[in-house]
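Subject: Structure handover

Hello,

Here is the structure you asked to take over. Please open it first and keep it beside you while reading the notes below.

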Amino acid sequence: NFLKIGIGPRAAGMGEAQVAVCNDVTSVFWNPAGLVRTPSQEASFMYNLWFEGIRSQYFGYAYPHPTIGRFAGSINYLSMDKIQGYTAGDVKTGKVAVYDLLGVLSYARELPYGIDAGINLKLVQQKLEEESSFAFGVDIGVMSGVSRWLKVKWLKELTLGLNLQNLGSKVKFQKEKGSLPLNFKFGVGLVKEVFGDPLTVAIDGNLPNDNDFYGSVGIEYWLR
């Protein structure tokens, strides 16, 4: 479930509606195709002190190559204070250490017909005291401006985005198995100039494999 925790304060401020408007190094989480819109090298650091002493730490770096495409790498580390351990007979034991670790390698480039595409390769490690579990996952994302397909003037600032997240192997602790949180994310974004500054409106929908459909809406206005 730690793979569901959003990355970046901008995305959080927009209600996590990002799949069609992301354009920086945190695109790795929301839609790797957004890396195509990252014009220069970027690094991002995040420390999130969550509830109940849960801590999420993130580092990401993006490098746009002028001819080959965009590359990125990121690490996400989730930790917490030691938790109380119990035996199978519900008898208290010592404190138990636990953490989750995610490493991601990303690649994105512009394809023919004005389509931006990106892919994430993920390695997940979960640690519970002496037990470790590994899993591999893939994200596949695309993004495209509607004006490249429909020659309608008022649609020229509209963008569509799709991202299939966490397609991969299962996590296994001894005999217990669990699937990665597969999610199909889709959305639209609109960027318009208002009083000379960009106003962004984004709407996302999510179809997770472990919950019902849910959506999110975000609005952003740059003051320069």
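Is Glu220 buried or exposed? Glu220 has a relative accessible area of 11%. The cut-off for buried is under 20%, so Glu220 counts as buried.

Before going further, please note that this is a predicted model. The average pLDDT of the protein is 91, and 96% of the residues score at least 70. Confidence is highest in β14, at 96, and lowest in strand β10 (residues 171–173), where the mean is 81. Where pLDDT is low, the predicted coordinates should not be read in detail.

The sheet

An open sheet is formed by 10 strands, and their pairing is antiparallel. Their order is β1-β2-β3-β6-β7-β8-β9-β12-β13-β14. At the edges are β1 (42–49) and β14 (214–221), each of which pairs on one side only. From one strand to the next, the twist averages 15°. As background, strands of a sheet pair through backbone hydrogen bonds, either parallel or antiparallel.

The hairpin from β2 to β3 passes through 3 residues.

Further along the sheet, strand β6 (residues 98–111) and strand β7 (residues 115–128) run antiparallel and are joined by 14 bridges. Arg109 has Ala117 as its bridge partner in β7. Leu111 also belongs to strand β6. With a relative accessibility of 39%, Leu111 counts as partly exposed. The C-alpha atoms of Leu111 and Tyr58 are 29 Å apart, while 53 residues separate the two along the chain.

Salt bridges

The whole structure contains 7 salt bridges.

- Arg10 and Glu220: the closest N and O atoms are 2.7 Å apart. Arg10 is in helix α1 and Glu220 in strand β14, so the pair links distant parts of the chain, 210 residues apart. Arg10 is partly exposed, at a relative accessible area of 24%, whereas Glu220 is buried, at 11%.

- Lys4 and Asp210: the distance between the closest N and O atoms is 2.6 Å. Lys4 is in the segment before α1 (9–13), and Asp210 is in the loop between β13 (197–208) and β14; the pair therefore ties together parts that lie 206 residues apart in sequence. Lys4 is partly exposed, with a relative accessible area of 41%, and Asp210 is partly exposed as well, at 42% relative accessibility.

- Asp139 and Lys122: here the closest N and O atoms are 2.9 Å apart. Because Asp139 lies in strand β8 (residues 131–145) and Lys122 in strand β7, the pair ties together parts that are 17 residues apart in sequence. Asp139 counts as buried, at 0% relative accessibility. Lys122 counts as buried too, at 10%.

The nonpolar patch

Which residues form the nonpolar patch on the surface? They are Phe45, Phe59, Tyr61, Tyr63, Ile68 and Phe71, and together they have about 580 Å² of accessible area. Strand β2 (residues 55–65) gives the most to the patch, with 3 residues. Tyr63 is found in strand β2. Tyr63 has 34% relative accessibility and counts as partly exposed.

Regards

Definitions and conventions
Residues are numbered from 1 along each chain as its sequence is written. This is a predicted model: local features need pLDDT of at least 70, side-chain atom pairs count only at pLDDT 80 or more; totals for chains, interfaces and linings use all residues. Side-chain values use heavy atoms; hydrogens and water are left out. Two strands pair if DSSP finds at least two bridges between them. Helices (H or I, at least four residues) and strands (E, at least two) are DSSP runs, numbered from the N terminus. Axes are lines fitted to C-alpha atoms, for helices over the stretch in contact, and angles run from 0 to 180 degrees between N-to-C directions. Buried means under 20% relative accessible area, exposed over 50%, partly exposed in between (1.4 Å probe, protein chains only). A salt bridge is a side-chain nitrogen of Lys or Arg within 4 Å of a carboxyl oxygen of Asp or Glu. Patches are made of residues with over 30% relative accessible area and no salt bridge: like charges are joined within 9 Å, nonpolar side chains (Val, Leu, Ile, Met, Phe, Trp, Tyr) within 5 Å. Accessible areas come from the Shrake-Rupley method with a 1.4 Å probe; for residues, only the protein chains shown count as cover. pLDDT is the predictor's confidence in each residue, from 0 to 100.
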